[in-house]
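Let's look at this protein together, one question at a time.

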Amino acid sequence: MAETGASPLPPTPPAHSPLFRAEQFMWLTARVLEQRLFAYHFLHGGPDPVETALDAYRNEDGGYGHALEPDLRGPVSQPLHTGHALAVLDALGRCGGQRVERVCRYLTSVSTADGALPAIRPSQRGYPAAPFVPITDDPPSELLATGPVVGLLHRNEVWHAWLFRATDFCWEAVDSLEKSHPYEVEAAVAFLDAVPDRARAEAAADRLGRLVREQRLAALDPGDLDAYPVAPGYAPGEHHFPHDFARSPHSLARAWFTDEEMTRSLDHLAAGQQEDGGWPVRRLRWTPAATLESRPGVTIEALRTLKAYGRFVG
């Protein structure tokens, strides 16, 4: 007899398949939020349990905290946590309505004088944080924090006063990029993939793609990684590959790479699944807790990217 109150589960993927191994890793390792997200993306789970789990990280100011982004510990709301929350809502198709109105009010309250977002506000001081995350009294606006948030809101046709100046900031930041690093470029792509002015976005993406290749920011041959420098401040071996920039074939960044380069990149991604079923964290590791909590999210992203390109993951 089934246990009272137990939720029915869909059929388990074939034993020893990449998806089965990932599922075992999630049940063993992941927080409730990532378990629910995994079930939503790959096991026909519903969106309501994901949103319920996400609500545990929301604060009264409309932002999110409580180590939603594992490299920032403590309860206080931060733009990076809130961007993470918006990405979850976007994945569920629920990035709208009153929940996002509250988020936009929070974004307005924490923006700098130019109307955009800093990565970390000084309220983080006193709580544990990764040593590579600088905490200053007057942090500047950053494309790294602002671009993905603006892109998500545009993709979901959210219209709020905060977006106008933040969009202008992103355009100016993208247009002025002359030397960059992979995470900043990925933030620019998140913005360009969704901003309404498609002609301008395509032109900007074309220029950015040339910059990526000229500065060797993407490791085009996983078999010869010594030929590609790691960005200053990154972990040893923290290379970024074509699939990191173009997470789906619909991204503007897909045009930056040949079919052969993308195939090698996806092969490398698929081969990165570890023996326990999860994918590794490639950035600097500073505490076991943050690494443990990050790996399930990295694993979901790896599987979603492989799925987007039609790779067999079942």
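Q: Where in the chain does His-66 sit?
A: This is a predicted model, in which local features need pLDDT of at least 70, side-chain atom pairs count only at pLDDT 80 or more, and totals for chains, interfaces and linings use all residues. Residues are numbered from 1 along each chain as its sequence is written, and side-chain values use heavy atoms, with hydrogens and water left out. Helices here are DSSP runs (H or I, at least four residues), numbered from the N terminus. On that basis, His-66 lies in the loop between α3 (47-55) and α4 (79-92).

Q: What is the phi of His-66, and is the residue buried, partly exposed or exposed?
A: Most residues other than glycine have a negative phi. His-66 is not a glycine, yet its phi is positive, about 60°. Buried means under 20% relative accessible area, exposed means over 50%, and partly exposed is in between (1.4 Å probe, protein chains only). With a relative accessible area of 36%, His-66 is partly exposed.

Q: Is Glu-157 buried or exposed?
A: Glu-157 is in the loop between α6 (143-155) and α7. Glu-157 is not a glycine either, and its phi is positive at about 55°. Because its relative accessibility is 66%, Glu-157 counts as exposed.

Q: Which cysteine is in contact with Trp-162?
A: Neighbours within four places in sequence are left aside here. The contacts of Trp-162 then include Leu-107, Val-149 and Leu-153, and also Cys-104.

Q: How far from Cys-104 is the nearest cysteine sulfur?
A: A disulfide is a covalent bond between the sulfur atoms of two cysteines. Here a disulfide is counted when a pair of cysteine sulfur atoms is within 2.5 Å, and the structure holds zero. Cys-104 is buried, at 1% relative accessibility. Its nearest cysteine sulfur, that of Cys-95, is at a distance of 8.1 Å.

Q: At roughly what angle do the axes of α7 and α9 cross?
A: Axes are lines fitted to C-alpha atoms, for helices over the stretch in contact, and angles run from 0 to 180 degrees between N-to-C directions. The axes of α7 (residues 161-175) and α9 (residues 198-214) come within 10 Å, and the crossing angle is roughly 35°.

Q: Which residues of α9 meet α7?
A: From α7, the residues in this contact are Trp-171, Val-174 and Asp-175. On the α9 side they are Arg-200, Ala-201, Ala-204 and Arg-207.

Q: Is His-154 buried or exposed?
A: His-154 is found in helix α6. Not counting residues up to four places away in sequence, His-154 touches Trp-159, Leu-163, Thr-167, Ala-194, Val-195 and Pro-196. Its relative accessible area is 9%, so His-154 is buried.

Methods:
Helix = DSSP H or I, 4+ residues; strand = E, 2+ residues; numbered from the N terminus. Contact = heavy atoms within 4.5 Å.
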